[in-house]
Amino acid sequence: FMLKADGFEGAEVGTACRLGSGGVEVLVYDTDSCIEILCERDGMDYLEAREYFDFNVVGAWVGECTPIFCDGDCFTGVDW
């Protein structure tokens with residue numbers, strides 16, 4: 001079972017195991033894509049979307065299946 005971040009379809013970039021989770025696999029989302037979705041879908045400017053995303057999405061812990069959100073720099077040199 002992998003928990004999805006509701007409303008951010010298309011921003012998924014893969015899966016990962018969170019350190020200390022005992023191997024629980026979670027979805028990984030690209031932060032920039034999520035913010036772009038908020039801007040387009042909800043009509044927010046970048047700063048509004050970033051603040052909303054940081055507080056309401058990244059700041060929401062819903063257990064060990066909580067998705068991971070990474071900035072583009074996390075993906076440099078990664079072969080998915």
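User: How do β1 and β2 run, and how many bridges join them?
Analyst: This is a predicted model. In it, β1 and β2 (residues 25–30) run antiparallel, joined by five bridges. Thr 15 sits opposite Leu 27 of β2.

User: What's the strand order in the sheet?
Analyst: β1-β2-β3, in an open sheet of three strands with mixed pairing. β1 (12–17) and β3 (68–70) are the edges; each has a single partner strand, so one side of each lacks a neighbour in the sheet. On average, neighbouring strands are turned by 35° against each other, direction ignored.

User: Which strands does α1 touch?
Analyst: β2 and β3. Helix α1 covers residues 31–42 and packs on the sheet, with its direction at about 60° to that of β2.

User: Switching to Thr 31. Buried or exposed?
Analyst: Buried, because its relative accessibility is 3% and the cut-off for buried is under 20%. Thr 31 belongs to helix α1.

User: Which side chain does Thr 31 make a polar contact with?
Analyst: That of Asp 71, at 3.3 Å. Beyond its neighbours within four places in sequence, Thr 31 is in contact with Arg 50, Phe 53, Phe 69, Cys 70 and Asp 71.

Definitions and conventions
Residues are numbered from 1 along each chain as its sequence is written. This is a predicted model: local features need pLDDT of at least 70, side-chain atom pairs count only at pLDDT 80 or more; totals for chains, interfaces and linings use all residues. Side-chain values use heavy atoms; hydrogens and water are left out. Two strands pair if DSSP finds at least two bridges between them. Helices (H or I, at least four residues) and strands (E, at least two) are DSSP runs, numbered from the N terminus. Axes are lines fitted to C-alpha atoms, for helices over the stretch in contact, and angles run from 0 to 180 degrees between N-to-C directions. Contact means heavy atoms within 4.5 Å. Buried means under 20% relative accessible area, exposed over 50%, partly exposed in between (1.4 Å probe, protein chains only). A polar contact is a pair of N or O atoms within 3.5 Å; within protein, one must be able to donate a hydrogen and the other to accept it, and residues adjacent in sequence count only if both atoms are side-chain atoms.
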